[in-house]
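I wanted a friendly walk through one model, jotting down each thing I looked up as I went.

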Amino acid sequence: MRVVLLGPQGVGKGTQAQRLSAATGAPHISTGDLVRAEIKNGTALGATIRAYNDRGDLVPDDIIIAMAMPYLNNPKGWILDGFPRTIPQAQALDNALADARTAVDAAIVFEAPDDRLIERLSGRRQSKVTGKTYHIAFDPPPPDDPGPFLQRDDDQPDKIRQRLDLYHKETEPLKTYYGERGLLLTVEALDGIDAVAKKVIAVLQARFPHAAPSPSNSTP
Ligand code: AP5
């Protein structure tokens, strides 16, 4: 299964990607995680992209495309979280897949109003040990995850607003891009995490009746 997850920052792409990956065995590829790992490892590339990430800006297309490409040939497919995020990135993805005689199977867009996203991002915490994402109110860490639980530098109100503006300007046009290709599946993401996960399974089952995961194995 080759699935692209679209939607504004904080809508739950990473949260649902973790679950879908556990249910399908397809790896969860987050370009945001790749960017943060590069910065944390202190590489030359990390130094170049740090300023973009710290400002809440998008990393330039050519850099992010080169970072994502090595992950696309996995025979288990993938769940792409945060890539593509611009039309040129979507075109580069399609071209690379066409060269490999494959294609995107579906693009799921998660929808929620901006005020709910600010609430979600402000309470987001990531376990330093397991890397898993939680929310202080909506999805508290389980007792077996010792933490510590860190807040991302870009989850501050001014940067959240900047990232959401960028989403509406640069990424939202991808809904038309995938819609025109008959690949867009829409999931309203206002409900809780489990309810949204069930909707994801439902849209995939409707689209791929013989291949989609069942609700019973959709939680990690
Ligand atoms: P990235 O890490 O992708 O950040 P983002 O786009 O800002 O998206 P988020 O991770 O914030 O949102 P999410 O939808 O995954 O939300 P989550 O599931 O965590 O990118 C970071 C940076 O890297 C970018 O700013 C850019 O600089 C660079 N970059 C990355 N990709 C790039 C690209 N392709 N091109 C250029 N630059 C790129 O959920 C949020 C919170 O809400 C969590 O706490 C969660 O527990 C909670 N939550 C989730 N679902 C629910 C629910 N249904 N109900 C209640 N709470 C919920």
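My entries below go from the overall fold to the ligand and then to the backbone.

**Entry 1: the fold**

I began with a reminder to myself that this is a predicted model. Next I looked up the secondary structure and found 9 helices and 8 strands in the protein chain. I then checked the radius of gyration: it is 17 Å, close to the 17 Å from the globule rule for 220 residues, so the chain is as compact as a globular protein of that length. I also noted the box that the C-alpha atoms fill, roughly 40 × 40 × 30 Å along the principal axes.

Where does the ligand sit? I found it in the largest pocket. I then asked which elements give two or more residues to the shell around the ligand. My list reads α1 (13-24), α2 (31-40), α6 (114-122), β6 (133-135) and α9 (193-207).

**Entry 2: who surrounds the ligand**

How many residues surround the ligand? I wrote down 33, and the closest are T15, D57, R85, R124 and R163.

V11 has a backbone N or O atom 3.3 Å from an oxygen atom of the ligand. For V59, a backbone N or O atom lies 2.9 Å from a ligand nitrogen atom. R120 takes part through its side chain, where an N or O atom is 3.4 Å from a nitrogen atom of the ligand. I then looked up the cover: on its own the ligand has 1,000 Å² of accessible area, and the protein covers 97% of that.

Most peptide bonds are trans, and most residues other than glycine have a negative phi. Here are the exceptions I noted.

- I found a cis peptide bond between F83 and P84, with omega about 0°; P84 is in the loop between β3 (78-81) and α5 (87-99).
- I found a cis peptide bond between G147 and P148 as well, again with omega about 0°; P148 is in the loop between β6 and β7 (149-150).
- I saw that R101, although not a glycine, has a positive phi of about 55°; R101 lies in the loop between α5 and β4 (106-111).

Definitions and conventions
Residues numbered from 1 in each chain as written. Predicted model: local features only at pLDDT ≥ 70, side-chain atom pairs only at ≥ 80, totals over all residues. Heavy atoms only, no water. Near = heavy atom within 4 Å. Polar contact = N/O pair within 3.5 Å; in protein donor to acceptor, adjacent residues only side chain to side chain. Areas by Shrake-Rupley, 256 points an atom, 1.4 Å probe, with all protein chains shown as cover. 1 Å grid on protein atoms, 1.4 Å probe; cavity = no way out; pocket = protein on both sides within 12 Å on 5 of 7 lines; lining within 4 Å. Sits in = over half its atoms within 2 Å of the grid points. Helix = DSSP H or I, 4+ residues; strand = E, 2+ residues; numbered from the N terminus. Rg over C-alpha atoms; globule rule 2.2 N^0.38 Å.
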